[in-house]
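Good morning, and thank you for making time for this presentation.

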Amino acid sequence: MNAKSVAIVTGASQGIGKATALRLAHDFSALVLAARDEENLAATAAEVRSAGAEATVLAVDLRQPESADIVVNSALQSFGRVDALLHIAGAVSQIDLFDMTDAQWDDGMALKLHGARRLTIRAWGALKVSKGSVVFISGSAALDPKPGFAAVAATNAAIIAIAKAFAEQGIKDGVQVNSVVPGAVMTGRRQSFFEKWAPAHNLSVEEAIKKFPVEAGISRFGRPEEIADLLAYLVSPAAKWLTGASVRMDGGETKGV
Ligand SMILES: NC(=O)c1ccc[n+]([C@@H]2O[C@H](COP(=O)([O-])OP(=O)(O)OC[C@H]3O[C@@H](n4cnc5c(N)ncnc54)[C@H](OP(=O)(O)O)[C@@H]3O)[C@@H](O)[C@H]2O)c1
């Protein structure tokens, strides 16, 4: 652990974001945890503190433009620096391309793309000072778009692109930027997908969950902790020269090279 190192983790109230916060509690001295659900964030913070790091909690809706200022101001006021920024929050609707409304498109983009874009820009000055790291979370739908989850695919493809654009600037400014492209990870979000998908395919949720890995050509679902370990590596000193990359972790689901 550095003498003082500070990471901001969005989406830290559950799923991959929570697993990431718990993992980073071993590598950073302080974490700033952002999402909307205050109670869940407080539970994450308690576990982070038990692991030995300080934690501050911000119950914010990252779709709102003012949230970027709130998160970065709080990090700087509480801890005086930002060394790593991990964008995990995401809630893009899985609705068919031909049924999805403009409002539903805008909502997904407002959080996952624009929320992360604004937060990165707001934190950039502090990241330049610390020679820090940023990781965006994309998703393997970006590499294999289908009409049933076109917004997820398009948003995740945009995430890879914007991460690359930030990484180019980061080469000049000393800020490392990457994106991670997870495949199917078993979280609350994945479970709700199966709750919708299973009845539409005349399956029970249990049957759908069993069938998915076989059809996807993977041995099993990923665990949030596995993505968390990858994210922790990307913001560690060992990965400093790894920048501008889009790192896929999907159990081999993507069959092309
Ligand atoms: N699970 C997978 O298979 C998978 C695969 C590829 C990519 N991903 C990506 O990984 C990320 C995490 O996914 P997950 O499966 O862990 O999902 P999850 O369990 O549903 O967690 C999503 C997180 O985003 C936060 N969030 C949602 N809306 C928000 C808002 N308006 N403002 C602030 N925070 C908000 C949620 O917290 P609150 O509800 O408390 O706000 C929660 O902490 C997402 O970006 C997802 O697209 C997941």
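I shall speak about the chain as a whole, then its domains, its core, the ligand shell and a few individual residues.

Two remarks on conventions come first. This is a predicted model, in which local features need pLDDT of at least 70 and side-chain atom pairs count only at pLDDT 80 or more, while totals for chains, interfaces and linings use all residues. Residues are numbered from 1 along each chain as its sequence is written.

Let me begin with the overall fold. The protein chain contains eight helices and seven strands; these are DSSP runs numbered from the N terminus, with helices being H or I of at least four residues and strands being E of at least two. The radius of gyration of the protein chain is 18 Å, close to the 18 Å given by the globule rule for 257 residues, so the chain is as compact as a globular protein of that length. That radius is taken over C-alpha atoms, and the globule rule is 2.2 Å times the number of residues to the power 0.38. Along the principal axes, the C-alpha atoms of the protein chain fill a box of roughly 55 × 40 × 35 Å.

Of the 257 residues in the protein chain, 44% are buried. Here a residue is buried if 20 or more other C-beta atoms lie within 10 Å of its own, exposed if 12 or fewer, and partly exposed in between, with C-beta atoms placed from the backbone. Among contacts in the protein chain with a separation of 6 or more, 71% join residues 24 or more positions apart. Two residues are in contact if their C-beta atoms, placed from the backbone, lie within 7 Å.

I turn now to the domains. The domain assignment gives domain 1 (6-183 + 224-249) and domain 2 (186-221), with bounds that come from an automatic or database domain assignment. Their contact takes six residues from domain 1 and five residues from domain 2. On the side of domain 1 that touches domain 2, there are two nonpolar, four polar and no charged residues. In this scheme Ala, Val, Leu, Ile, Met, Phe, Trp, Tyr, Cys and Pro count as nonpolar, Asp, Glu, Lys and Arg as charged, and the others, Gly among them, as polar. The centres of domain 1 and domain 2, taken over C-alpha atoms, are 25 Å apart.

Which residues have the most contacts inside the largest nonpolar core? They are Ile8, Leu31 and Leu33, in a core of 72 residues. Helix 4 (residues 102-130) gives the most to this core, with eight residues. A nonpolar core is a set of buried Ala, Val, Leu, Ile, Met, Phe, Trp, Tyr and Cys residues joined through C-beta atoms within 7 Å. Leaving aside neighbours within four places in sequence, leucine 31 is in contact with Ala7, Val9, Ala21, Leu24, Ala25, Val48, Ala53 and Ala55.

Next, the ligand. There are 28 residues around the ligand, and Gly15, Arg36, Asp37, Gly90 and Gly139 come nearest. Helix 1 (15-24), helix 4 and helix 6 (188-200) are the elements that give two or more residues to this shell. A residue is near a molecule if its C-beta atom, placed from the backbone, lies within 6 Å of it. The shell has eleven nonpolar, ten polar and seven charged residues. Domain 1 and domain 2 each supply at least three residues to the shell around the ligand.

I close with individual residues. Alanine 110 is found in helix 4 and is partly exposed, because 16 other C-beta atoms lie within 10 Å. Not counting residues up to four places away in sequence, alanine 110 touches Arg63 and Gly115.

Arginine 189 is found in helix 6 and also counts as partly exposed, with 16 C-beta neighbours inside 10 Å.

Most residues other than glycine have a negative phi. Lysine 131, in the loop between helix 4 and strand 5 (133-137), has a positive phi near 55 degrees. Asparagine 202 likewise has a positive phi near 55 degrees, and lies in the loop between helix 6 and helix 7 (205-216).

Is asparagine 202 buried or exposed? It counts as exposed, because it has 8 C-beta neighbours inside 10 Å. Lysine 210, found in helix 7, is exposed as well, with 11 such neighbours.
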